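The following exercises concern one protein model and are to be worked with its sequence and coordinates at hand. Each task is followed by a solution in steps.

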Amino acid sequence: MDADVPLEWTTEDARTYTPTHTDREMEYRTYRHESGDLRLKVAPASLDGEDHPGYALTATSYPGLDLSETIRVRRVLTFGRCTQIAQQFMDLFSARYDGPGSLEDALEYAYERTREHR
């Protein structure tokens, strides 16, 4: 069990690395819901091909399946802030999720409350 995530979630992958073009250490972390139906990723925004500093939080529904879909939830400057938003997203999703039939509703609920406001 991970101490920094809600009970329904586990940290799937956590890495720290230094890209070749900089000496700044970067971090990467993925979380998976116990149902296996949703994965969150906190990673440098540049990993998704964006020319943006900082970190991006993305959510992938039904990871590994043909019908999987990934959305960007938010972009922020620091890893710490991005993981805070991820934890808020996990709490909101878990509060609304009630099985596979409610995945889209729970995802929308958490997304609307944590997304970037333009």
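**Exercise 1. Aromatic pairs**

How many aromatic pairs does the structure hold?

*Solution.* The model is a predicted one.

Step 1. The structure holds three aromatic pairs.

Step 2. One of them is formed by Trp9 and Phe93, whose ring centres are 5.8 Å apart and whose planes stand at 70°, an edge-to-face arrangement. Trp9 belongs to strand β1 and Phe93 to helix α1, so that pair links distant parts of the chain, 84 residues apart. Both Trp9 and Phe93 are buried.

Step 3. For Tyr55 and Phe79, the distance between ring centres is 5.4 Å and the angle between planes is 65°. Planes over 60 degrees apart count as edge-to-face, so the pair of Tyr55 and Phe79 is edge-to-face. This pair also links distant parts of the chain, with Tyr55 in strand β4 and Phe79 in helix α1, 24 residues apart.

Step 4. Buried means under 20% relative accessible area. Tyr55, at 4% relative accessibility, therefore counts as buried, and Phe79 is buried with a relative accessible area of 11%.

Step 5. Ring pairs also join Trp9, Phe93 and Tyr97 into a cluster.

**Exercise 2. The order of the elements**

Which pattern does the protein chain follow along the sequence?

*Solution.* Step 1. The secondary structure consists of two helices and five strands.

Step 1. Along the sequence their pattern is β-β-β-β-β-α-α.

Step 2. The protein chain has 118 residues, and 42% of them count as buried.

Step 3. Among contacts with a separation of 6 or more, 38% are between residues 24 or more positions apart.

Step 4. The accessible surface of the protein chain is about 6,900 Å², and carbon and sulfur atoms account for 44% of that area.

**Exercise 3. Salt bridges and a network**

*Solution.* Step 1. Side chains of opposite charge can pair when their charged atoms come close. The cut-off for a salt bridge is a side-chain nitrogen of Lys or Arg within 4 Å of a carboxyl oxygen of Asp or Glu. The count by this rule is four salt bridges.

Step 1. Arg32 and Glu12 form one of these, with their closest N and O atoms 2.6 Å apart. Because Arg32 lies in strand β2 (residues 26-33) and Glu12 in strand β1 (residues 9-17), the pair ties together parts that are 20 residues apart in sequence.

Step 2. Glu12 also meets Arg39 in a salt bridge, at 3.9 Å from N to O. Since Arg39 lies in strand β3 (residues 38-44) and Glu12 in strand β1, this pair ties together parts that are 27 residues apart in sequence.

Step 3. Another salt bridge joins Glu112 to Arg115, with the closest N and O atoms 3.1 Å apart. Glu112 counts as partly exposed at 30% relative accessibility, as does Arg115 at 25%.

**Exercise 4. The two helices**

What covers the buried residues of α1, and what do the buried residues of α2 pack against? Begin with the span of each helix.

*Solution.* Step 1. Helix α1 has 18 residues, and its first and last C-alpha atoms are 26 Å apart, close to the 26 Å expected at 1.5 Å a residue.

Step 1. The buried residues of α1 include Phe79, Cys82, Ile85, Phe89, Met90, Leu92 and Phe93. Their cover includes β1, β2, β3, β4, β5 and α2.

Step 2. Helix α2 (residues 103-114) has twelve residues, which should span 16 Å at 1.5 Å a residue; the end C-alpha atoms are 16 Å apart, in agreement.

Step 3. Leu103, Ala106, Leu107, Ala110 and Thr114 are buried in α2. They cover an arc of only 100° around the axis, which puts them on the same side of α2.

Step 4. The buried residues of α2 pack against β3, β4 (55-61), β5 (69-76) and α1 (79-96).

Notes. Residues numbered from 1 in each chain as written. Predicted model: local features only at pLDDT ≥ 70, side-chain atom pairs only at ≥ 80, totals over all residues. Heavy atoms only, no water. Helix = DSSP H or I, 4+ residues; strand = E, 2+ residues; numbered from the N terminus. Buried < 20%, exposed > 50% of the residue type's maximum accessible area, 1.4 Å probe, protein only. Contact = heavy atoms within 4.5 Å. Areas by Shrake-Rupley, 256 points an atom, 1.4 Å probe, with all protein chains shown as cover. Expected span 1.5 Å × (residues − 1). Arc of directions from axis to C-beta. Phe/Tyr/Trp six-rings, centres within 6.5 Å; stacked < 30°, edge-to-face > 60°.
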